[in-house]
Amino acid sequence: MAFKVYVTDYDYGTLDPEKKEVAKIGAVLVPTQSKTEDAIIENCKDADGLLNQYAPITRKVMESLPNLKVVGRYGVGVNTVDLKAATDLGIQVVNVPDFCMDEVSNQAITLMMACHRKLNILNHQTHHDGWDYQIAKPIRRLSGQTLGLLGFGRIPRMVAQKMKAFGLKILAYDPYVSPEAGAKEGVEILPLKDVLMQSDIVSVHVPLTKDTENLLNDETLSWMKPTAIVVNTSRGPLIDEAALYRALKDGKIGYAGLDVTVHEPIEKDNPLLTLDNVIITPHIAWYSEESEIDLKTKAARGVAAVLNGEKAQYLVNKDVLK
């Protein structure tokens, strides 16, 4: 009997790459739009594998799907999946850690530049019959400023490589990276407080965990320069949005560029939307035509590999093999 791979939820125009990959092992792809625990349990009850975008894959969900062997996450982060429960239940979790590195690093840099040059207020003005560069004052020369990276994995390393061309000093906070490893790439590894205090631009790239949720909060934002720019292309809950709003409104930091928010789509009454010194984009950092195909193909390929008794290239919960 053919394996069944259910797509819990998706916002893609086509699932052809996934169908092609699972068909290679004779499996069947079953698309759904199951965005809650109960919906997944009801609609995916005989799933051997799941492909997941945003829906919660909790212990309850996994315990309710008796045939489930593997969960494939569309993306790098796996915060939608209860990894401990998956490991306890012998379910492998796979992701796509090497996709969209170029796209996300470019988006982070784009947001840095747009905030630094205050492009949103200038663009808005010219669309409403204005022509006065002085509304953007002051803007300091970018060369010689300091960029602080929170996290120093694949994407922030690419950001660092690209931003060196602009003549910035680059610092990073990452408790899992040694100062020696950073030095090899021309980046100084420092404690979080030092990075925040010294940086003119801070770009957030850490994964979302219990330890990193609200990493930027009232206290840590208070360590930053009053002119500092904060950019987040990782996960919304890494920043306490109420604290960020207060810091931006009260002039404790200068600007923010966000591609991710705590609630997506962002709530219409979110006070961040009332501020001129915030640029918000709709979680597009990952996207290009090429990266979307890459993501969908690799996620499905990982699920198919597990169902076919092979070792998945990108297994997240490696302890499950023990």
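# Strands, helices, pockets and loops

Colleague: In which sense do S9 and strand S10 (residues 229-232) pair?

Modeller: Strands (E, at least two residues) and helices (H or I, at least four residues) are DSSP runs, numbered from the N terminus. Two strands pair if DSSP finds at least two bridges between them. S9 and S10 are joined over four bridges, and the sense of their pairing is parallel.

Colleague: What kind of model is this, and from which number are residues counted along each chain?

Modeller: This is a predicted model, in which local features need pLDDT of at least 70 and side-chain atom pairs count only at pLDDT 80 or more, while totals for chains, interfaces and linings use all residues. Side-chain values use heavy atoms, with hydrogens and water left out, and residues are numbered along each chain, as its sequence is written, from 1.

Colleague: Which residue of S10 stands opposite Ser203, and is Ser203 buried or exposed?

Modeller: Buried means under 20% relative accessible area, exposed over 50%, and partly exposed in between, with a 1.4 Å probe and protein chains only. In strand S9 (residues 201-204), Ile201 and Ser203 point one way, Val202 and Val204 point the other way, and all are buried.

Colleague: Which residue of S9 is the bridge partner of Leu150?

Modeller: Strand S6 (residues 146-150) runs parallel to S9, and four bridges join the two. The partner of Leu150 in S9 is Val204.

Colleague: Which helix gives the most to the lining of the largest pocket?

Modeller: On a 1 Å grid over the protein atoms alone, a pocket is an open set of points with protein on both sides within 12 Å along at least five of seven lines, a cavity is a set where a 1.4 Å probe fits but cannot get out, and lining residues have an atom within 4 Å of a point. Grid points are joined across faces, edges and corners, and a volume is the space filled by probe spheres set on the points; for the largest pocket the volume is about 1300 Å³. Helix H4 (83-88), helix H5 (101-116) and helix H7 (154-163) each supply at least two lining residues. With three residues, the helix that gives the most is H7.

Colleague: How many residues of the lining of the largest cavity are charged?

Modeller: Ala, Val, Leu, Ile, Met, Phe, Trp, Tyr, Cys and Pro count as nonpolar, Asp, Glu, Lys and Arg as charged, and the others, Gly among them, as polar. The lining includes Asn232, Ile239 and Glu241. Four of the lining residues are nonpolar and three polar, and the number charged is one.

Colleague: What is the omega of the peptide bond that joins Glu264 and Pro265?

Modeller: Pro265 sits in the loop between strand S11 (255-258) and strand S12 (278-280). The bond between Glu264 and Pro265 is cis, with omega about 0°.

Colleague: Is Cys100 buried or exposed?

Modeller: Cys100 lies in the loop between S5 and H5. Its phi is positive, near 60°, in a residue other than glycine. Because its relative accessibility is 7%, Cys100 counts as buried.

Colleague: Is Asp129 buried or exposed?

Modeller: Asp129 is found in the loop between H6 and S6, and its phi, near 70°, is positive in a residue other than glycine. Because its relative accessibility is 80%, Asp129 counts as exposed.
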